[in-house]
Amino acid sequence: MTKISILGCGWLGFPLAKSLLKKGFYVKGTTTSLEKLTVLEQANIDAFLISLHSDSIVGDIETFLNDSEILIIDIPPKLRGINNESFVDKIKTLLTYIEKSSVKNVLFVSSTSVYADENRIITEETTPNPETESGKQLLQSERFLQKSTKFKTTILRFGGLIGEDRHPIHSLSKKDNVENPDAVINLIHQEDCIGIIEKIIEKNHGTKPIMQLVRFIP
């Protein structure tokens with residue numbers, strides 16, 4: 001049975017974990033919340049309480065990674081607020097543990113924010129040019145992971161995540177003035193994100209490494 005570790009069982013990671021369980025995978029998942037730990041356990045996920053920091057990892061990261069063939073990293077940069085830390089440094093710290101583990105394939109959930117804010121079609125050949133601090137740190141993190149020779153890395157750059165409980169109308173309705181209301185936006189449903197990730201795993205797990213891939217989802 002293929003074991004998959006999901007670092008970050010949040011809005012996307014949690015339903016992804018449940019879907020992978022239904023497909024027969026053994027799934028480990030992390031949360032930073034003690035309350036959420038119980039929720040993961042009730043869903044039959046091998047749950048871990050793990051928190052990444054710029055110079056350390058709190059929690060049993062070794063056991064979380066041990067025996068897993070695939071690691072899915074789905075944690076967003078938190079660069080605002082009092083307790084903000086460098087996301088790049090967090091990935092650097094995590095990298096040392098991944099390289100010593102059994103993980104052979106890493107799937108990193110990134111964002112289209114690594115591209116410039118331009119109204120044009122983006123492809124895998126488009127040169128990233130992030131304008132936000134979040135985008136800049138995501139791009140640096142992608143490159144650190146891809147440079148490792150210990151595992152193969154897949155990058156997924158999603159943009160405009162939506163789902164049953166998440167839609168842009170909820171945030172737009174709270175604004176008095178929407179700048180450039182006719183601008184083109186990118187949207188992708190949670191179910192489609194899960195389907196894409198599962199197809200990558202289905203095609204590549206077991207005998208072949210996951211190919212290095214950068215995908216823009218329109």
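Modeller: Let us start with the term itself. On a 1 Å grid over the protein atoms alone, a pocket is an open set of points where a 1.4 Å probe fits, with protein on both sides within 12 Å along at least five of seven lines, and lining residues have an atom within 4 Å of a point. The model is predicted, so local features need pLDDT of at least 70 and side-chain atom pairs count only at pLDDT 80 or more, while totals for chains, interfaces and linings use all residues. Residues are numbered from 1 along each chain as its sequence is written, and side-chain values use heavy atoms, leaving out hydrogens and water.

Colleague: Which residues line the second largest pocket?

Modeller: The lining consists of Trp11, Pro15, Glu164, Asp165, His189, Gln190, Glu191, Ile194, Gly195 and Glu198. Helix α7 gives the most to this lining, with five residues; helices (H or I, at least four residues) and strands (E, at least two) are DSSP runs, numbered from the N terminus. The volume of the pocket is about 180 Å³, a volume being the space filled by probe spheres set on the points, with grid points joined across faces, edges and corners.

Colleague: How many salt bridges does the structure hold?

Modeller: A salt bridge is a side-chain nitrogen of Lys or Arg within 4 Å of a carboxyl oxygen of Asp or Glu. The structure holds four. One of them joins Glu198 to Lys23, with the closest N and O atoms 3.9 Å apart. Because Glu198 lies in helix α7 (residues 190–204) and Lys23 in the loop between α1 and β2, this pair ties together parts that are 175 residues apart in sequence.

Colleague: Is Glu198 buried or exposed?

Modeller: Buried means under 20% relative accessible area, exposed over 50%, and partly exposed in between (1.4 Å probe, protein chains only). Glu198 has a relative accessible area of 11% and is therefore buried, whereas Lys23, at 52%, is exposed.

Colleague: What other residues meet in salt bridges?

Modeller: Arg157 and Glu142 meet through their side chains at 2.4 Å, N to O. This pair links distant parts of the chain, with Arg157 in strand β8 (residues 152–158) and Glu142 in helix α5 (residues 133–147), 15 residues apart. Arg157 is buried at 5% relative accessibility, and Glu142 is buried at 1%. Another salt bridge, of 3.9 Å from N to O, is formed by Lys199 and Glu202. Both of these residues lie in helix α7, three residues apart, about one turn of the helix, and both are exposed.

Colleague: Where does strand β2 pair with other strands?

Modeller: Two strands pair if DSSP finds at least two bridges between them. Strand β1 (residues 3–7) pairs with β2 in the parallel sense over four bridges, and Ser5 stands opposite Lys28 in β2. Strand β3 (residues 46–49) also runs parallel to β2, joined to it by four bridges; there, Leu49 is the bridge partner of Thr31.

Colleague: Why is β2 described as largely enclosed?

Modeller: Five of the six residues of β2 (residues 26–31) are buried, so the rest of the structure largely encloses this strand.

Colleague: What is the handedness of the unit made by β1, helix α1 and β2?

Modeller: A crossover is right-handed if, with the strands pointing away from the viewer, the path from the first strand over the helix to the second runs clockwise. The β-α-β unit of β1, helix α1 (residues 13–22) and β2 is right-handed. The crossover from β2 through helix α2 (residues 34–42) to β3 is right-handed as well.
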